[in-house]
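This briefing is for a reader meeting the structure for the first time. It begins with the backbone and then turns to sheets and helix contacts.

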Amino acid sequence: TRLFSLSGDIVNKKQALLSSTNVNKLWGVGLMLFLPQMGYANPDQLASGILSRLYSRAFIVAEPDDSKRVVFVSADIGMVSQRLRLEVIKQLKSKYGELYRQDNVILSGTHTHSGPAGYFQYTIFLLTSKGLIKPSLNAIVNGIIKSIDIAHQNMKKGRIFINKGLVEKSQINRSPYSYLQNPESERNRYSSNTDKEMVVLKMVDVNGQELGLLSWFAIHPVSMNNTNLLVNSDNVGYASYLFEQEKNKGLLPGEGSFVAAFASSNLGDVSPNIKGPHCINTGESCDNLNSYCPVGGAKMCMAAGPGSDMIDSTKIIGQNLYLKAKELYTLASQEVTGPLHAAHQWVNMTDVTVQLNATHTGKTCKPALGYSFAAGTIDGVGLFNFTQGSLEEQPFWEIVHNQLLGEPSNETKECHKPKPILLNTGEISLPYAWHPEIIDVQLFTIGSLAIIAFPGELTTMSGRRLREAIKSEFESHGTQGMNVVIAGLCNVYTHYITTYEEYQIQRYEGASTIYGPHTLSAYIQLFRGLAKAIATNTVQNLPNGPEPPFFNITNLTLLPGVLADVAPIGKTFGDVLQEVQPQYRVGEVAEVTFVGANPRNSAQKTTLKTFLTVEKYETISGNWHVMYNDASWDTRFYWTKGLLGHSQAKVEWHIPSSAELGFYRIQYFGHYKVQPFLKPAEFYPFNGTSSAFEVVKL
């Protein structure tokens with residue numbers, strides 16, 4: 001057996017929730033409350049509670065002689081930013097030397113739209129994130145490092161198996177009119193306008209002990225829409241939760257050795273809101289080129305999930321993913337064998353010449369966003385009067401952006417045609433560059449498995465073309481039968497990547513293809529180069545390329561500071577303001593409201609592992625046993641900010657059918673802040689406890 005070599009060994013993977021200790025607390029709630037969520041670009045979507053914790057899941061694979069290693073991290077965040085990656089690699093180098101490097105570490109975001117903002121260095125993202133929030137950035141970095149540390153400390157000899165299968169009734173193409181622009185002959189090769197295939201890796205040690213699951217599937221984690229104010233990992237996070245709870249029986253979320261990651265793939269035009277787009281004011285379909293409603297316009301056109309509300313929809317889609325992954329995992333028998341390889345380059349994506357055919361070349365452009373970018377999608381509509389499919393400038397907005405940002409150059413306009421440019425981000429550098437020029441391209445092979453680390457959101461057909469190109473490149477150099485998967489939202493965020501044909505009608509995804517109409521061709525050319533280097537064993541000859549910048553952003557944030565906490569007269573922190581009822585039936589909601597304190601006070605407190613517990617009284621021992629915490633999908637934590645330091649915390653427990661009957665109580669934990677005159681702030685822990693209540697049958 002080998003330490004790992006896909007010929008009979010394994011990986012190591014080990015979860016570290018943004019911490020089993022408490023790193024995830026920092027990021028999951030404490031720092032996130034009243035911080036914008038990342039995904040819908042809505043600065044008013046401020047987190048005010050928690051539905052589930054956010055996790056980093058790390059997988060390390062090593063050769064039998066430990067001569068080579070690769071690391072894959074799937075983190076419950078919107079995407080990996082360049083600043084985040086640079087910080088992680090810097091810390092890994094400080095801790096491990098040259099063991100974990102730019103070339104052999106992939107960082108991938110699940111693309112939940114209900115996670116933290118504030119960890120970017122480019123201005124376009126700073127604008128909707130209230131700046132660069134250093135504590136938020138640091139918490140995510142520390143959580144990812146912690147997950148890698150735990151994996152590093154738990155290497156085992158083992159084996160990896162692969163399986164694939166189709167997931168049904170879980171996704172639709174949200175830009176079908178763009179998809180139809182692709183050649184009919186190409187579309188006829190596929191039975192659907194989305195990729196329904198899930199790829200699953202099963203990891204076991206040499207004794208057959210189950211270690212983990214790593215899967216890829218193309219779906220947007222936007223079952224939670226842009227009205228949601230609760231931190232959570234959305235549908236893919238719920239799938240991970242179900243799988244890990246099954247394998248780590250009897251333990252709380254985040255505890256136990258088994259790890260299940262549902263990583264992102266080519267999800268650019270794929271929605272989980274399978275009821276499709278309808279006008280929310282009239283109920284009629286708005287499945288048209290412009291996603292436009294006769295009454296109310298584009299802002300009324302929204303897609304709906306299969307459930308009664310967005311949390312129900314999240315659970316339905318997440319359970320679909322979990323059930324298919326469980327089936328594929330159970331039946332996985334094809335072993336992944338062979339050596340490890342990793343290739344990485346930095347590339348100036350604004351200046352790539354693409355060989356389109358024998359006689360014609362194309363070129364990428366300086367970054368720019370089109371008018372339809374501002375329209376949003378059927379999963380989250382945009383602002384003002386923008387619509388998808390806009391091919392002409394609007395005089396009013398042309399004047400606005402020309403006055404505020406300057407008119408795009410003729411070169412940029414020509415390069416991006418037919419995109420009408422709303423934001424010429426590649427030509428603005430104040431206070432910092434607005435979009436990245438230097439990006440990462442990266443490719444792993446683990447035996448017969450190739451993992452493309454893609455820095456953005458590929459549409460369905462874009463992903464198909466890229467996978468085919470990489471498979472073909474390997475075959476042309478004598479490497480047959482490669483399984484090629486795309487890991488999305490990796491290393492640096494470059495928005496969307498459509499096919500050349502999809503780009504022409506400029507729906508949201510095309511307008512958000514920031515390097516112009518030849519972006520996909522450029523990426524295919526670049527990743528082919530990495531595949532060729534691996535196949536011909538010439539990775540060492542690849543130029544590193546120009547390193548990305550690291551902006552010295554010392555203090556650029558609009559996030560308000562935390563006031564000293566104040567309890568109502570005659571009350572203290574943790575006192576109950578609204579008590580539970582004495583009895584609840586299964587299926588009902590137990591809730592209690594406490595005198596609260598700002599959860600951000602608890603961010604740095606390693607002793608605080610949860611803001612809440614639901615505890616059951618054990619009659620034999622006479623003790624209270626923790627059954628649920630704030631990482632459990634059956635609990636909700638809400639924090640309501642009042643005036644002058646006053647606040648309330650409400651805890652809900654949505655009692656599941658699996659709950660044991662008996663007596664329970666709910667506890668709330670936090671820290672309150674005292675600000676002495678001319679002295680550093682002081683923080684004091686507290687907790688509050690509800691009365692006991694009974695859970696009985698329906």
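In this predicted model, Lys169 sits in the loop between β8 (158-166) and β9 (172-173). Its phi is positive, about 55°, although Lys169 is not a glycine. Most residues other than glycine have a negative phi, and most peptide bonds are trans.

**Cis peptide bonds**

- Lys417 and Pro418 are joined by a cis peptide bond, with omega about 10°. Pro418 belongs to the loop between α10 (410-416) and β24 (421-423).
- A cis peptide bond also links Leu430 and Pro431, with omega about -5°. Pro431 lies in the loop between β24 and β25.

**Annotated domain**

- UniProt, in an unreviewed entry, places the feature "domain: Neutral/alkaline non-lysosomal ceramidase N-terminal" at residues 37-525.
- Over residues 37-525 the chain is 27% helix and 24% strand. The end C-alpha atoms of that stretch are 34 Å apart.

- Five strands form an open sheet in the order β13-β11-β10-β8-β17, and the pairing is mixed. At its edges are β13 (259-263) and β17 (334-335), each of which pairs on one side only.
- β8 and β17 run antiparallel and are joined by two bridges. Phe161 stands opposite Glu335 in β17.
- Helix α7 packs on this sheet and touches β11 (210-216) and β13. The direction of α7 makes about 160° with that of β13.
- Helix α8 also packs on the sheet, where it touches β8, β10 (197-205), β11 and β13. The direction of α8 makes about 50° with that of β10.

**Contact of α7 with α8**

- The axes of α7 (residues 234-247) and α8 (residues 310-331) come within 7 Å and cross at roughly 50°. That angle makes α7 oblique to α8.
- The crossing of α7 with α8 is right-handed.
- On the α7 side the contact includes Tyr238, Leu242 and Phe243. On the α8 side it includes Ile317, Leu321 and Tyr322.
- By class, the residues of the contact of α7 with α8 are ten nonpolar, four polar and five charged.

- A second open sheet has four strands in the order β18-β25-β26-β28, with mixed pairing. β18 (340-348) and β28 (483-487) are its edge strands, each with a single partner strand, so one side of each has no neighbour in the sheet.
- Neighbouring strands of this sheet are turned by 15° against each other on average, with direction ignored.
- β18 pairs with β25 (residues 438-446) in the antiparallel sense over nine bridges. His341 stands opposite Thr445 in β25.
- Helix α14 (residues 519-535) lies across β18, β25 and β26 (449-453). α14 runs at about 40° to β25.

**Contact of α11 with α14**

- The axes of α11 (residues 460-476) and α14 come within 9 Å and cross at roughly 30°. α11 and α14 are therefore roughly parallel to each other.
- α11 and α14 cross in the right-handed sense.
- Residues of α11 in the contact include Leu466, Ala469 and Ile470. Those of α14 include Ile524, Phe527 and Ala531.
- The residues of the contact of α11 with α14 comprise ten nonpolar, two polar and four charged.

**Contact of α2 with α4**

- Helix α2 (residues 82-96) packs with helix α4 (residues 134-152) at an angle of about 45°, and their axes are 10 Å apart. α2 and α4 are therefore oblique to each other.
- The crossing of α2 and α4 is right-handed.
- The contact involves residues of α2 including Leu84, Val88 and Leu92. Among the residues of α4 that take part are Leu137, Ile144 and Ile148.
- The contact of α2 with α4 has ten nonpolar, three polar and five charged residues.

Key
Residues numbered from 1 in each chain as written. Predicted model: local features only at pLDDT ≥ 70, side-chain atom pairs only at ≥ 80, totals over all residues. Heavy atoms only, no water. Axes fitted to C-alpha atoms, helices over the stretch in contact; angles between N-to-C directions. Parallel < 35°, antiparallel > 145°, perpendicular 65-115°, else oblique. Left-handed = near helix turned anticlockwise from the far one by under 90°. Contact = heavy atoms within 4.5 Å. Nonpolar A, V, L, I, M, F, W, Y, C, P; charged D, E, K, R; others polar. UniProt positions renumbered as here; feature names shortened; annotations may be inferred. Pairing = 2+ DSSP bridges.
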